[in-house]
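Let's take a friendly walk through this structure, with charged side chains and chain contacts as our guides. Have the view open beside you as you read.

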Amino acid sequence: MGGQGAGDEKLTDIRPSALQGRRVLELADEKGAYCGKLFADMGADVIKIERPGGDASRRSPPLWRGEGGSGESLSFLYTNTSKRAVTLDLEKAEGRELFVRLVETADVVLETFPPGFLDELGLGYGHLRRTNPALVFSSITGFGQTGPQRGFRSSDLVAGALGGALYVTGEADDPPVTLAGQQYYTVAGLCAASATMIALLHASRVGRGQHVDVSAEETTVSLSHICGIGKWLDDGIVPRRMGTALFASVPSGTYTCRDGLVYLMVNRPAHWKALAEWIHEECGIEEVMDPMFEGPSSRRLPHRELLDIFIRDLTARHSVEEIYHQGQQRHIAFTPVNGLAEVARDPQLAARGYFVDLPHGNGVTLRFPGAPYRCGETPWRVSRRAPAVGEHNAEIYGGELGLSGIGLRELEERGII
Amino acid sequence: MMAVRDVEGRGGEQALAGIRVVEFSSAMAGPWIGRFMAWAGAEVVRVESAKHPDVVRQYVPPWAPELGTQPQLSPWFTDWNAGKRFVALDLSRPRAIEIARRLVGICDLVIENYSGGVVDRLGLGYEDLRAVKPDLIMLSTSGYGRDGPCSGYVTWGPNIEALSGSSRASGFPHRECTVTQFAYPDGVSALHGLFVVLAALDYRTRSGRGQFIDVSQYEATVSSMGQPMLDFLANGEEPRPMGNRASAAAPHGCFRCAGDDAWCAISVGGEEEWRSLCRVAGRPDWAADERFASLSERIENQEALDQELTRWTSCLTAYEVMESLQGAGVAAGVVQNAEDLAWRDRQLADRGFLEQIEHHKKGRVIATGVPFGLGATPGRSGAAGSAIGQDNHYVFGELLGMSAAEIEESVRAGAIETG
């Protein structure tokens, strides 16, 4: 397998990462953790601030119960790589004071509290901008900071539902269904990361930050827009669940091979031609070459079921591997319908050294999904495993803010850190 | 009435003002990055050719198929390209390549998602372009990335859902493959691409250095599903698809409501929410039922729980279920479709999320908003529905400073296309 160990070039590469020198204070639950990870793996100093005792997300399933497993939350371990962690009770005055001192050193505050929560503590954007005018203050909530539903409770499922994604996922006979792994919150974090970067670039230019107000409902509407408002206003047809085929692409969907499923999608006229030729060659079907099927997908729309019969004839003769690679040699978009085991051992990902192996104590190594992008100049890297609760209290409050050992112990005893 | 934000004439500061982008792009995964940047104030120039039209340009309106292919009318062309400038170059001609390079010379960022290796063969690869613009940032996005045995393979968004393991890990346990109708890997990889180019711009501001960035849509998609992937990598078992259920919450799912294909999603995490739900549903007996006495029992007896709950939800509209549960602090949301989003969502309307924008052919259109919530520098979408080469004169004349005679000559030589 092509995992890159922490001992090889990834960690010995001394070139700076793109966001080295930027500091992010993260007060985020699962809505914001991936956003913080994007910054941290790009070299920003992301300090995760948790209440004394640690955030609830440290116990979110699935847990690490495999060989050598520590029982920790795997989603926590994944989304908190490369961060440092301190504890702080913001509901106590001294906790708030320490927070403001940290804000003086930060470029970004990333928070996911209900709207108004930090304002009530005197720690909202309106307060903190006086401390640090260039601060970018990014909030991720279910519904945004304004509007009649700003106080509604959210979840990844609720964001997927209201945002229009669930309605168009799965089979027509089944209830609407979500994606594995909290994808809608992940996308909210992705949007917040980009919005924060746009605000940071602007702040660098003009010296003024701003409040970035990201709603997980809106980010889902944006993600699912292909079957959203623009299309519906154009053709008046409300997109629905229709299995694995896509409404505007013919042919598309899953087809059965001798040993499993492949996914096929045809959009370009040339791709249809290549597929028709293959079917003609192998199955001897003459009708498939009829010019009435040529051109963009819209030409084939009335013939979806017939074309599916032709394609099934072809795929049934082959294994998934044959259809995948031989199809791709012919420039036809066939891909396997992979399980995670196949992804973990995919030669393509191995050749690119995608997975990252990270030591997790006691000689145990955990393998992680790696870089979502490759930067030629500024390496993406996991600089450390997810931190333990308050792991960097002494380093940050002592080493950086200059609190004495006695001062730290006292804060600890009084439950402030 | 649909509440939309009329962005015409909105002035004010633009966050990415002064940044200029060139796109050699098609479909969504590349163009969506430029769309967001244009919204935030960057000047984005898209290079096209009528000889190799974008698949989105090959749009036959379903409401008037007799019109044939309508390259300006696709609603997706609006969603992925509003606010950009459009030039037309026949890149098979050396003179067009020379003009494209000059254009790159006055830009900060190049985005490309042509099929494997095409920009390199054209002489528009990173090494060629950096010769004219030493601090250039260039992003290339493709299904599998720039190297590896499958580099160059053809994919669309749903192919990546299948490839990345998402379609098998997601959905109900009795289904083998569950995909979205919205090609979510296109969106997920474009959003990763947007973040990385913004980070590269920030780095360039501080270091003066550009760079080449390679996005594999496959890898970006696997990275965004870390939770199931890590479950497999750490625990060694293929996670069983759970449909809408959760491992630490119950009830958790989509519940049928009154009406055609009407559903409300409900997520009950803690005991307090569970008791609130029982109260709102008028079923104190559920709270007392020992099958539902704790989270682990509710998970154990989820079939029965879902059936009971459906008896309540199916008598109400999805909006009634949502409002009553949210009123008691329980996370619930209508499973909205496109029509609901436009007409029935009070929150989106109040926040003015949808934008009404100018369209060169249709007059005005409603576009999905950009969910970046930049309060001090609110973005705006420029005009939609541009023709191929619509901005030739602005870009070649005003930006590049080509004389009218020079443009004319390039048109005659077939380098610049006139649409």
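Predicted model: local features only at pLDDT ≥ 70, side-chain atom pairs only at ≥ 80, totals over all residues.

Residues are numbered from 1 along each chain as its sequence is written, chains are lettered from A and ligands numbered from 1 in the order in which they are written, and side-chain values use heavy atoms, with hydrogens and water left out.

Side chains of opposite charge can pair when their charged atoms come close. A salt bridge here is a side-chain nitrogen of Lys or Arg within 4 Å of a carboxyl oxygen of Asp or Glu, and the structure holds 66 of them over all chains. In chain A, look for Asp235(A) and Lys231(A), whose side chains form a salt bridge at 2.4 Å, N to O. These two residues are 4 residues apart in helix H10 (residues 229-235) of chain A, so about one helical turn separates them. Helices are DSSP runs of H or I with at least four residues, strands are runs of E with at least two, and both are numbered from the N terminus. Asp235(A) and Lys231(A) are both buried; buried means under 20% relative accessible area, exposed over 50%, and partly exposed in between (1.4 Å probe, protein chains only).

Moving to chain B, Lys133(B) and Asp135(B) make a salt bridge with their closest N and O atoms 3.3 Å apart. Lys133(B) counts as buried because its relative accessibility is 16%, whereas Asp135(B), at 21%, counts as partly exposed. Another salt bridge joins Arg283(B) to Asp285(B), at 2.8 Å between the closest N and O atoms. Both belong to a network of salt bridges that also links Asp289(B), Arg291(B), Glu308(B) and Arg311(B).

Now for the place where the chains touch. Contact means heavy atoms within 4.5 Å, and it takes in 156 residues from chain A and 151 residues from chain B. Between chain A and chain B there are 17 salt bridges. The largest share of the side of chain A that touches chain B, 17 residues, comes from helix H8 (residues 183-206) of chain A. One salt bridge to find is that of Lys362(B) with Asp234(A), whose closest N and O atoms lie 2.7 Å apart.
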